Amino acid sequence: MIMKKLQLLLNQLESYIPDFEKTNTHISESSVGWHTEHSLLVLYAVINQLKKSNPDDYKWRFNFKRFLVQTLLKKIPRGRGKAPKSVQPADEITQAHLINKLEIVRNSVSELALLKSKNYFTHPYFGDLDLKTAIHFLELHTKHHLKIIEDILRD
């Protein structure tokens, strides 16, 4: 069920690939393609960290920023964070590249079902996120960029 939500979000990202070159500097300095690729890079990186983590090392700790974003706001505020270099698109973005990356990420998402609940990844602001919390973060993050894409295309 959880993977289904991520797959639906991937379907939405896919629907915007034909508009990858479109921009609107009133909304974002980056193109639809940049937001699409960034979202895919984050999904791929987080899932890889989850797969590589040792569930025995996971320790829950309260994190106010995580609580605020995931529980109270239930969305990521715009303009508050900066994407780490590792999840910033580096190359020229093409439609073929985005389609290829999308398929790779779809396969990664399906692997989430094989992980243990204490697999985790460390977020730069939110600390260690176990599997369920990490998936929730991925949903919020992807929705955040989908909303930006929709706003770019609306104006």
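**Buried and exposed residues in a predicted model**

Val-42 lies in helix α2; helices here are DSSP runs of H or I with at least four residues, numbered from the N terminus. This is a predicted model, where local features need pLDDT of at least 70, side-chain atom pairs count only at pLDDT 80 or more, and totals for chains, interfaces and linings use all residues. Residues are numbered from 1 along each chain as its sequence is written, and side-chain values use heavy atoms, with hydrogens and water left out.

Me: Why is Val-42 called buried?
Reply: Buried means under 20% relative accessible area, exposed over 50%, and partly exposed in between (1.4 Å probe, protein chains only). Val-42 has 8% relative accessibility, so Val-42 counts as buried.

Me: What makes Trp-60 exposed?
Reply: Its relative accessible area is 59%, and the cut-off for exposed is over 50%. Therefore Trp-60 is exposed. Trp-60 sits in the loop between α2 (32-52) and α3 (64-73).

Me: How do you know that the span of α2 agrees with its number of residues?
Reply: The expected span of a helix is 1.5 Å times one less than its number of residues. For the 21 residues of α2 that gives 30 Å, and the end C-alpha atoms are 30 Å apart, so the two agree.

Me: Why is α2 called mostly covered?
Reply: Of its 21 residues, 15 are buried.

Me: Which residues does Val-42 contact, leaving aside neighbours within four places in sequence?
Reply: Contact means heavy atoms within 4.5 Å. Val-42 is in contact with Val-87, Phe-137, Leu-138 and His-141. Val-46 touches Phe-121, Ala-134, Phe-137 and Leu-138, again not counting residues up to four places away.

Terms used
Helices (H or I, at least four residues) and strands (E, at least two) are DSSP runs, numbered from the N terminus.
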